[in-house]
Structures are given as structure tokens and as C-alpha cells.
Amino acid sequence: MNYLIITSVFKGNGADYKGLDLDKITYPVYNTVDNTCALMYEGDTTGLHKDVTLTTEEGYNSFIKALPKGLTLEERVALTEKTLNDILLGGV
């Protein structure tokens, strides 16, 4: 099993896996803030695209631990209320 990190993974309406065989990708984890992805890969890793870096299991796990934390339920509700207020009431 190989562990890879891809930079500039999101392009347009989808992900660009930089020529990797999609059938051999497992457990992709995305960081939409940094536009990166870490994944496990069962294919050949020779001649990887310049945006694909071979890492270790520890590097993969560190990537996951470093992901930005999402909003709490209370923060999501407050943001939704503000957005609806802005849309429906013109920010009143």
C-alpha cells in the first residue's frame, strides 16, 4: 500500500487525481482549504505527476489529524440564520 498526497486536487467541478488509476485509490481524505488530498493507493508510483507526493502511513495520518475542524452545530445554525436573514430580509 502506498500513501500519497495530491496538491491542487480540485479543478472546476471535480477532483483531478493527476493520472492515478481511480480503481486503485482508497480512503481519499480532502482538505478543501488547502486544495489537497491524502489517499491510499495500490497502483504503480513510478513517474508520478509533480503535484503527487509519496508519503508514509504516518504522513497520511498526520494529514488527517491536521484537517481544519468543522463548525459546531450552534455555529452552523447561527450562520444559517444570518444567511437567511440577509437573503429574505435584506440584512435586517
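Visitor: Which residues does Ile-6 touch, leaving aside those up to four places away in sequence?

Guide: Contact here means heavy atoms within 4.5 Å. In this predicted model, Ile-6 touches Asp-16, Tyr-17, Lys-18, Leu-20, Asn-35, Thr-36, Cys-37, Leu-39, Asp-51 and Val-52.

Visitor: Which residues make up the largest nonpolar core?

Guide: Let us start with the general idea. In soluble globular proteins, nonpolar side chains tend to be buried together. Here the largest nonpolar core has 10 residues: Leu-4, Ile-6, Val-9, Tyr-17, Leu-20, Ile-25, Cys-37, Leu-39, Tyr-41 and Val-52.

Visitor: Which residues of helix H1 are buried?

Guide: Look for a relative accessible area under 20%, which is what buried means. In H1, residues 57-65, the buried ones include Gly-59, Tyr-60 and Phe-63. Seen down the helix axis, the buried residues of H1 fall within an arc of 100°, so they line one face.

Visitor: What covers that buried side, and what does the face turned away from it carry?

Guide: The cover over the buried residues of H1 includes S1, S4, S5 and strand S6 (52-55). On the face turned away, you will find the exposed residues Glu-58 and Lys-65.

Visitor: Now the backbone. Which residues other than glycine have a positive phi?

Guide: Two cases to look at are Lys-18, with phi near 55°, and Asn-35, with phi of about 60°. Lys-18 sits in the loop between strand S3 (14-15) and strand S4 (25-31), while Asn-35 sits in the loop between S4 and strand S5 (36-41).

Visitor: Is Lys-18 buried or exposed? And what about Asn-35?

Guide: Lys-18 counts as buried because its relative accessibility is 10%. Asn-35 has a relative accessible area of 22%, so Asn-35 is partly exposed.

Visitor: Where is there a nonpolar patch, and which residues form it?

Guide: The patch is on the surface, formed by Leu-84, Ile-87, Leu-88 and Leu-89. Together they have about 450 Å² of accessible area. To place one of them, find Leu-84 in helix H2, residues 73-89.

Visitor: Why does Leu-84 count as partly exposed?

Guide: Partly exposed lies in between buried, under 20%, and exposed, over 50%. Leu-84 has 45% relative accessibility, so Leu-84 counts as partly exposed.

Technical notes. Residues are numbered from 1 along each chain as its sequence is written. This is a predicted model: local features need pLDDT of at least 70, side-chain atom pairs count only at pLDDT 80 or more; totals for chains, interfaces and linings use all residues. Side-chain values use heavy atoms; hydrogens and water are left out. Patches are made of residues with over 30% relative accessible area and no salt bridge: like charges are joined within 9 Å, nonpolar side chains (Val, Leu, Ile, Met, Phe, Trp, Tyr) within 5 Å. Accessible areas come from the Shrake-Rupley method with a 1.4 Å probe; for residues, only the protein chains shown count as cover. A salt bridge is a side-chain nitrogen of Lys or Arg within 4 Å of a carboxyl oxygen of Asp or Glu. Helices (H or I, at least four residues) and strands (E, at least two) are DSSP runs, numbered from the N terminus. Buried means under 20% relative accessible area, exposed over 50%, partly exposed in between (1.4 Å probe, protein chains only). A nonpolar core is a set of buried Ala, Val, Leu, Ile, Met, Phe, Trp, Tyr and Cys residues joined through side-chain atoms within 4.5 Å. The arc is that of the directions from the helix axis to the C-beta atoms.
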